[in-house]
Amino acid sequence: MTDVELHHGVPQTTSLGQTVLHPPRETYREVVAALRQEGFTVCLDVTGVDYLTHPGRSALPPGVAPERFEVVTTLLSFERRQRVRVRVQVPEGDPVVASLYDLHPGSEAAEREVFDMFGVAFHGHPDLTRILMPEDWEGHPLRKDYAIGRIPVQFKGAGGPR
């Protein structure tokens, strides 16, 4: 096994010149809090990935077990002029990670979008409800096992045949 560089106690890799941290979901929030103390005060994005059918998955460092879902958070430090990406593996059987809302209030909408589209819940989120799909929508449209063509297309003002 090769030596893996650690940052805040979690494996660190580099991708396209950007630092990438790979914490387990149990320490995700603590790692982001430590990065905030380090100067990464802006949360640019929180997004999800479903690797169900993706054979060319981005490499993970030794010791990090791949899961079906991944939550990817991008943080920015203006002082350092750097970005850091945090990739958290989320199991299909328990798709829950901690919310970053209290650390980065701007992450609220992005977390809701990941919940809506992928079904990954954020523990501690103040309003984890759908944001893009109607409240009564069943399923999560960006999951790879979501039926293709299931979303009906509606054209505003198209009317019927004349």
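## Report on a predicted single-chain model

Arg81 is found in the loop between β5 and β6. The model discussed here is predicted. With a relative accessible area of 79%, Arg81 is exposed, since exposed means over 50%.

A second residue with this backbone feature is Leu16, which is not a glycine and yet has a positive phi of about 55°. Leu16 sits in the loop between β2 and β3, the latter covering residues 18-21. Leu16 counts as exposed because its relative accessibility is 88%.

**Overall make-up**

The chain contains 2 helices and 8 strands. Along the sequence these follow the pattern β-β-β-α-β-β-β-β-α-β. The chain has 162 residues, of which 42% count as buried. Among contacts between residues at least 6 apart in sequence, 54% join residues at least 24 apart.

**Sheet**

An open sheet is formed by 6 strands in the order β1-β2-β3-β6-β5-β4, with mixed pairing. β1 (6-7) and β4 stand at the edges and have a single partner strand each, so one side of each lacks a neighbour in the sheet. In general, strands of a sheet pair through backbone hydrogen bonds, either parallel or antiparallel. Here β1 and β2 (residues 10-15) run antiparallel and are joined by 2 bridges. Leu6 has Pro11 in β2 as its bridge partner. At the β4 side, helix α2 lies across β4 and β5 and runs at about 5° to β4.

**Nonpolar core**

The largest nonpolar core has 27 residues, and those with the most contacts inside it are Tyr28, Leu35, Val71, Leu75, Val97 and Val120. Two or more residues come from each of α1 (28-37), β4 (42-50), β5 (69-77), β6 (82-90) and α2 (108-118). The element that gives the most is α1, with 5 residues. Nonpolar side chains tend to be buried together in soluble globular proteins.

Val97, one of the residues with the most contacts inside the core, can be followed through its neighbours. Leaving aside residues up to four places away in sequence, Val97 touches Arg25, Tyr28, Val71, Val88, Val90, Val120, Ala121, Phe122 and His123.

Thr73 is found in strand β5. Its relative accessibility is 0%, so Thr73 counts as buried. Which side chain makes a polar contact of 2.7 Å with that of Thr73? The partner is Tyr28, which is also among the core residues with the most contacts. Not counting residues up to four places away in sequence, the contacts of Thr73 include Tyr28, Cys43, Asp45, Val46, Val84 and Leu100.

Glu30 lies in helix α1. Glu30 counts as partly exposed because its relative accessibility is 46%. Glu30 and His8 are 22 residues apart in sequence, with their C-alpha atoms 9.1 Å apart in space.

The relative accessibilities of the residues discussed individually are listed below.

| Residue | Relative accessibility | Class |
|---|---|---|
| Thr73 | 0% | buried |
| Glu30 | 46% | partly exposed |
| Arg81 | 79% | exposed |
| Leu16 | 88% | exposed |

How values were computed
Residues are numbered from 1 along each chain as its sequence is written. This is a predicted model: local features need pLDDT of at least 70, side-chain atom pairs count only at pLDDT 80 or more; totals for chains, interfaces and linings use all residues. Side-chain values use heavy atoms; hydrogens and water are left out. A nonpolar core is a set of buried Ala, Val, Leu, Ile, Met, Phe, Trp, Tyr and Cys residues joined through side-chain atoms within 4.5 Å. Buried means under 20% relative accessible area, exposed over 50%, partly exposed in between (1.4 Å probe, protein chains only). Helices (H or I, at least four residues) and strands (E, at least two) are DSSP runs, numbered from the N terminus. Contact means heavy atoms within 4.5 Å. Two strands pair if DSSP finds at least two bridges between them. Axes are lines fitted to C-alpha atoms, for helices over the stretch in contact, and angles run from 0 to 180 degrees between N-to-C directions. A polar contact is a pair of N or O atoms within 3.5 Å; within protein, one must be able to donate a hydrogen and the other to accept it, and residues adjacent in sequence count only if both atoms are side-chain atoms.
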